[in-house]
Each structure stands twice: as C-alpha cells, then as structure tokens.
Amino acid sequence: MALTREQLAQRVAQELQDGYYVNLGIGIPTLVANYVPKGMEVMLQSENGLLGMGQFPTEAELDADLINAGKQTVTMAKGASLFDSAESFAMIRGGHVDLTVLGAFEVDVNGNIASYMIPGKLIKGMGGAMDLVAGADNIIVTMTHASKHGVSKLLNKCTLPLTGKGCIKKVLTDLAFIEIKDGKFHLLERAPGVSVEEIISLTEGKLVVEGDIPEMTF
Amino acid sequence: MAGFDKVVSSYEEAMAGLEDNMTVIAGGFGLCGIPENLISEIKRKGTKGLTVVSNNCGVDDFGLGILLPNRQIKKIIASYVGENAEFERQMMNGELEVELTPQGTLAEKMRAGGAGIPAFYTATGYGTPVAEGKEEREFDGRHYILEPAITGDFAIVKAWKADRYGNLVYRKTARNFNPMAATAGKITVVEVEEIVEPGELDPDQIHTPGIYVNRLILGTFEKRIEQRTVRSDS
C-alpha cells in the first residue's frame, strides 16, 4: 500500500535527531512536527523569522503578528527567537539548518528538483524554496512517486523549471525511500506491501536495486 | 518636523512626493506586518506605473492587492504571489510584469541596497530560471550567481513602536522584511502602533535606528489574519 500523508510524515520523523534545527515546508512536511519522537528536542525554523515554532494557538492566544511561513497563526516554543528575513535566510543559506523537508513536482537522477512552477498553469513563485535547497546539505523531498495516471515523477531529467540544481540526495515518496548519488536513484526502502517491481515500473530514471530491499517500519 | 523629530500628522504628508513610475519597497510577509494604511494612501493618491518590491502582493481586498484594480502597479518583484485572483488575471494577460525572486535573495537585495553593496553572489537560483542573464562564478567548487541590490524611491514600513526620532521596534514575526525595507528607501516612511518620547525605548532593544527613517506616523491597524489556525483548548 502506498503511504498515507501521515505515514510519509512519520517516516521523515525517523530521520530527526536530538538537537536538530529543522525547516519544514508547506503541506506534508508540516505534519512531521506531529511525530517528533518522545524525549527528543528539535527546533522548527520558520523562514519568515521564527526559530522555535510552537503549536497552533488557542482562540485566546491568537496573535496576528505571529505566523509561520504558510501564513498560519502559530505560537512560540520555549526558547524561541525572532528575527528579520535577512537573518532568517543567513541561517538557511549559511548551512546552519540541520534538516530541510520540502515537497516537489519532479526530481531527477542528478539531484535536480522542480517544485515551484508549471508554465502556463500554476505560477505562484518559489517563496523560500530556492534558498532552502541551495543552502541545506541535508534535504528530504517528500512527494508522490507518480501522477494519478501513473506517470513517474522520478525522472532522468526534470521537465519543469528547476528550483535547484544538483542539490537533492534523499527522496521519500509514497512508495519508496530513495537516495540519489552518482547520477542514479538507489532504492533504500519500500512502503509496506509495495513490490520492488512496482517501484521500478513507476521510476523513469535509472534505479539501482541492491540486495533485499526492506519494508519501512513505523 | 524639526531636528530629529520624524513624526508627521497625516497620511497625505507621509506619502508626499510619491510620483508615477517610482519604485516602492514594502515590508511585510503575507498580510503580517504590512504598512496597511500607507498602502491605502497610495490607492487614494492614485499613483500609477509603480514598481513594487515586496515578498507578496496582498489579497484581493487587503494589502498591496488593493492597488491592482486601478492598475497602479506596473511591475512587482516578489517571491510568492498566488493569493489573489486579480493578480493572476493581470499576470496571465501580460498587464502586470512579475519578477519572481527567491525569498532569501529578495531580503538580501534589500539589505545590500540599504548597506551600499551593489550586488552579491549567492548559490540560490543557480541552474534555474532565476539565473538567466546573470553572471555566474565559482568559489571553492560551488556555483554562484550575481544578484544586484535593490533600492527604492520610497520604502513603506510597519513597526510596532517608535520614538519620535524614528528608532523602531518590531513585534514578533511582523518584523520580517520591514527592517531591510527601512534601509533601502530614498524616503523611508514608517507607520507604527505607538509613538513614545526619545529616551523611552531601551537603546539595546532598538531593531531599526532612526537614521534610516524619514517620516513616522501613528496609525490604527486592522491586522487581518490570512490563515486563521487554532487548536481547541484542552
């Protein structure tokens, strides 16, 4: 079975480490915050100027001056700090964020990512995504493996305008956990009940399968 | 106004001198920390042909979005613009020029502009449409592109508190682009929720020193919330 949105978030959460500063993109990545392992401390960076993002506010706590990068009202966690946008992207561009999780439309075997624009269709802009992929060493892309019509999103070469070039090393799809190196995809894990053959058939780019591929555990 | 006193008493006075085809840099992220009354004054004045530099362009009936129906904006430099229907319509019809700029690059362009740095290299956007037509250079095996700084004829800024000398304090994430915008305007206009006497703000806690501020006005604010998300009390 393909992973649910919650399972995708759960699997990403297994990559967290105690003391990590983490930037979570909009959508599935945001859900990762719900699965931080017990006893582990991570601090969430929101690129609009908050390090130490807390949960959503109660009605009583609601504050128009305190939002996250998705423009949702939030609170601050204990030990939070506030800063301007230039400072925020100094953290990001300067490589100070330990883990970045974001979505994508396409990735390819050379670690290119397309996530912000479908020409003639959706033109909203890249927001902070280009800075995040250029600045972070440790990035996990979360996405669906293929379109509803079975067209692979893991490609030999991205077809859409790029968000970043050669910067993606890890991709978690609803079917597989994949590493990108040496111009190839490498299958690390598969979703429970999903066969290696199915993953191969839905992966356009060269996919290396070595030995038994374990199922993800939750 | 006398000496270092930057306070003006009307929005008309605050935006005096804004003319057609000028560049305006605006602070704010989404609808958070936007100079909402200064934007309304630009609408009232009817200034046209503006180049606006701002992370976003408001929504249809609030923030910079209110300058769209009368076609006051010729070009916008922004990182994310998808929150208003009229914007999308004008962009798709080629009536509005849009220069999409990565958020961190946009912040740094304003910062550099205000700091007298004409351009800077960044890895952000290398190998993407953002890099087209820009100088590329390698440092220590990594690729960078040269991004020019931005300055504006006007900068419009929202802060929380100020003293009469224009020393500013922002509140929570309403800070965002405002401090950089404040440095990058030939004329920087700031609206605030409270104005105190010089000496009342702790000098150690001032985010933007008054040297960057030309005009200061006391406003009242709607502070509209774009995505109201709450959890239940428990």
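Gly152(B) belongs to strand β8 of chain B, residues 152-158, where strands (E, at least two residues) and helices (H or I, at least four) are DSSP runs numbered from the N terminus. With a relative accessible area of 2%, Gly152(B) counts as buried; the term buried stands for under 20% relative accessible area, exposed for over 50%, and partly exposed for what lies in between, computed with a 1.4 Å probe on protein chains only. Leaving aside residues up to four places away in sequence, Gly152(B) touches Thr23(B), Ile25(B), Ala184(B), Gly185(B) and Lys186(B), a contact being heavy atoms within 4.5 Å. Thr188(B) is 36 residues from Gly152(B) in sequence, and their C-alpha atoms are 9.0 Å apart.

The model is predicted, so local features need pLDDT of at least 70 and side-chain atom pairs count only at pLDDT 80 or more, while totals for chains, interfaces and linings use all residues. Residues are numbered from 1 along each chain as its sequence is written, chains are lettered from A and ligands numbered from 1 in the order in which they are written, and side-chain values use heavy atoms, with hydrogens and water left out.

Chain B also holds a cluster of aromatic residues, in which ring pairs link Tyr121(B), Phe139(B) and Tyr144(B). A pair of aromatic rings is described by the distance of the centres and the angle of the planes. Rings of Phe, Tyr and Trp (its six-membered ring) pair if their centres lie within 6.5 Å; planes under 30 degrees apart count as stacked, over 60 as edge-to-face and the rest as tilted. Over all chains this rule gives three aromatic pairs. In one of them, the ring centres of Phe139(B) and Tyr144(B) are 5.5 Å apart and the planes stand at 75 degrees, so the arrangement is edge-to-face. Phe139(B) is partly exposed at 30% relative accessible area, whereas Tyr144(B), at 18%, counts as buried.

Charged side chains supply a further set of links. A salt bridge is a side-chain nitrogen of Lys or Arg within 4 Å of a carboxyl oxygen of Asp or Glu, and the structure holds 25 of them over all chains. In chain A, Arg11(A) pairs with Glu189(A), the closest N and O atoms being 2.9 Å apart. Because Arg11(A) lies in helix α1 (residues 5-13) and Glu189(A) in strand β14 (residues 184-190), the bridge ties together parts that are 178 residues apart in sequence. Both partners are buried.

Within chain B, the side chains of Glu147(B) and Lys134(B) meet in a salt bridge (3.1 Å, N to O). Glu147(B) lies in strand β7 and Lys134(B) in the loop between β5 and β6, so this pair joins parts 13 residues apart in sequence. Glu147(B) is buried, with a relative accessible area of 0%, while Lys134(B) is partly exposed at 27%. Another salt bridge connects Arg224(B) with Asp61(B), their closest N and O atoms being 2.9 Å apart. Here the link is between distant parts of the chain, 163 residues apart: Arg224(B) is in the segment after β13, and Asp61(B) is in the loop between β2 and β3. Arg224(B) is partly exposed, at 26% relative accessible area.

The account now turns to the interface. The contact takes 48 residues from chain A and 49 residues from chain B. About 4,200 Å² is buried between the two chains, and carbon and sulfur atoms give 58% of this area; buried area is the accessible area (1.4 Å probe) that two parts lose on being put together, summed over both. Asp65(A), Lys71(A) and Lys124(A) supply 19% of what chain A buries against chain B, more than any other three residues.

Across this interface the rule finds six salt bridges. In one between the chains, Arg228(B) meets Glu59(A) at 2.7 Å, N to O. Asp65(A) also belongs to a network of salt bridges together with Asp63(A), Lys158(B), Arg171(B), Lys172(B), Glu193(B) and Lys223(B).
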